[in-house]
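Subject: Structure handover

Hi,

Here is the structure for your files. Please open it alongside this note, which covers rings, cores and backbone.

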Amino acid sequence: MNEKTRFMLVLIAPAVLALVFFQIVPIIVGTNVSFRDWSLHDPKKTWVGLANYAYVLKDEAFLQVVLPNTFGFMFVSVIASLVLGLLVALLLNRQFAGRWLVQTIVLLPLMVAPVIAAIMIRWMFNDQFGVVNAALGVLGLGPYTWLTNRWSAFFVILLTDVWLWTPWFALLLLAGLQSLPHEPFEAAKIDAASTWRTFRFITLPMLRPVMVVCIVIRAIDGFRSFDTVWTISGGGPARATEVFSIYAYVESFQFLNLGRGSAAAVVGAIIIVVFAMALYRLLDRWMEVSK
């Protein structure tokens with residue numbers, strides 16, 4: 001190896017070591033644990049093969065509650081955040097008085113930690129002391145127990161997640177909008193194209209590559225969401241809002257069965273990898289057809 005190659009290896013060595021020790025090694029250890037009877041209260045560590053995987057894949061709670069909740073949460077959150085983020089990006093792409101103030105307010109959720117935001121929203125929707133029920137009381141509507149019903153609790157969780165992620169979509173889509181060439185828009189203006197037709201046939205097709213990247217990244221992150229759901233509902237009431245990451249956490253650290261929890265994590269990793277690849281191919285095909 002020449003001096004240049006050695007210098008390059010020295011530069012990337014810290015990143016490679018961090019990747020190995022904090023990602024690859026835990027994945028290997030977790031996969032090994034998933035094939036064993038590894039309970040914290042009685043760690044026999046006996047090799048049981050695919051027994052933990054069979055338990056997870058046959059568990060009615062996993063199949064009928066966790067997976068539908070996870071995919072439903074992911075789809076609704078991504079679509080709502082994308083639509084709202086696009087609307088905000090289109091607004092901020094225009095020149096108007098007070099634009100800097102609006103942009104600062106819109107980006108505020110990016111500065112709030114998800115756990116802090118979830119605690120704040122949970123207190124806002126508290127059935128006894130929450131400001132939401134106080135406002136409903138002023139309007140003559142009775143107090144509502146938001147977090148004791150499945151759908152209302154899911155609404156609160158989704159509201160929090162969309163509030164947190166809409167600025168992220170807006171920021172990336174705004175960067176995409178500002179990088180678009182001006183010539184097609186000038187030609188549309190000369191042809192007297194309406195605002196809607198300009199958006200539909202010029203802005204949206206050229207912005208699709210950015211949208212695809214945003215959707216794929218956010219979908220992967222939405223599948224593994226934990227902190228917001230755990231802080232607001234803890235997966236309740238009665239596991240009604242439990243998502244995949246909480247299922248793996250509960251199996252590992254509440255039921256103290258690391259084998260089943262690790263098996264659930266591996267199953268979830270396989271699902272999200274297959275789903276992300278399929279989603280990317282679908283969106284890529286959508287982009288090709290749109291051309």
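First, a definition: rings of Phe, Tyr and Trp (its six-membered ring) pair if their centres lie within 6.5 Å; planes under 30 degrees apart are stacked, over 60 edge-to-face, and the rest tilted. By that rule, there are 18 aromatic pairs in the structure. One of them joins Tyr 144 and Trp 146, edge-to-face, at 5.1 Å centre to centre and 70° between the planes.

Before you go on, note that this is a predicted model: local features need pLDDT of at least 70, side-chain atom pairs count only at pLDDT 80 or more, and totals for chains, interfaces and linings use all residues. Residues are numbered from 1 along each chain as its sequence is written, and side-chain values use heavy atoms, with hydrogens and water left out.

**Rings**

Burial here goes by relative accessible area: buried is under 20%, exposed over 50%, partly exposed in between (1.4 Å probe, protein chains only). Trp 146 is buried, at 15%. Elsewhere, ring pairs connect Phe 71, Phe 75, Phe 223, Phe 244 and Phe 275 in a cluster.

Two arginines sit over rings (CZ of Arg, or NZ of Lys, within 6 Å of the ring centre and within 35 degrees of the ring normal). Arg 260 has its charged end 3.7 Å from the ring centre of Tyr 55. Arg 150 covers the face of Trp 151, at 4.7 Å from the ring centre.

**Cores**

A nonpolar core is a set of buried Ala, Val, Leu, Ile, Met, Phe, Trp, Tyr and Cys residues joined through side-chain atoms within 4.5 Å. The largest has 42 residues. Phe 62, Met 74, Leu 173, Phe 275 and Leu 279 have the most contacts inside it. Helix α3 (60–92) is among the elements that give two or more residues to this core; α3 gives the most, 11. Helices are DSSP runs (H or I, at least four residues), strands likewise (E, at least two), numbered from the N terminus.

A second, separate core has 16 residues, including Ala 118 and Ile 232.

**Backbone**

Most residues other than glycine have a negative phi, and most peptide bonds are trans. Gly 236 and Pro 237 are joined by a cis peptide bond, with omega about 0°. Pro 237 is in the loop between α10 (227–232) and α11. Arg 239 is found in the loop between α10 and α11, with a positive phi near 65°. Leu 256, in the loop between α11 and α12, has a positive phi near 60°.

Best wishes
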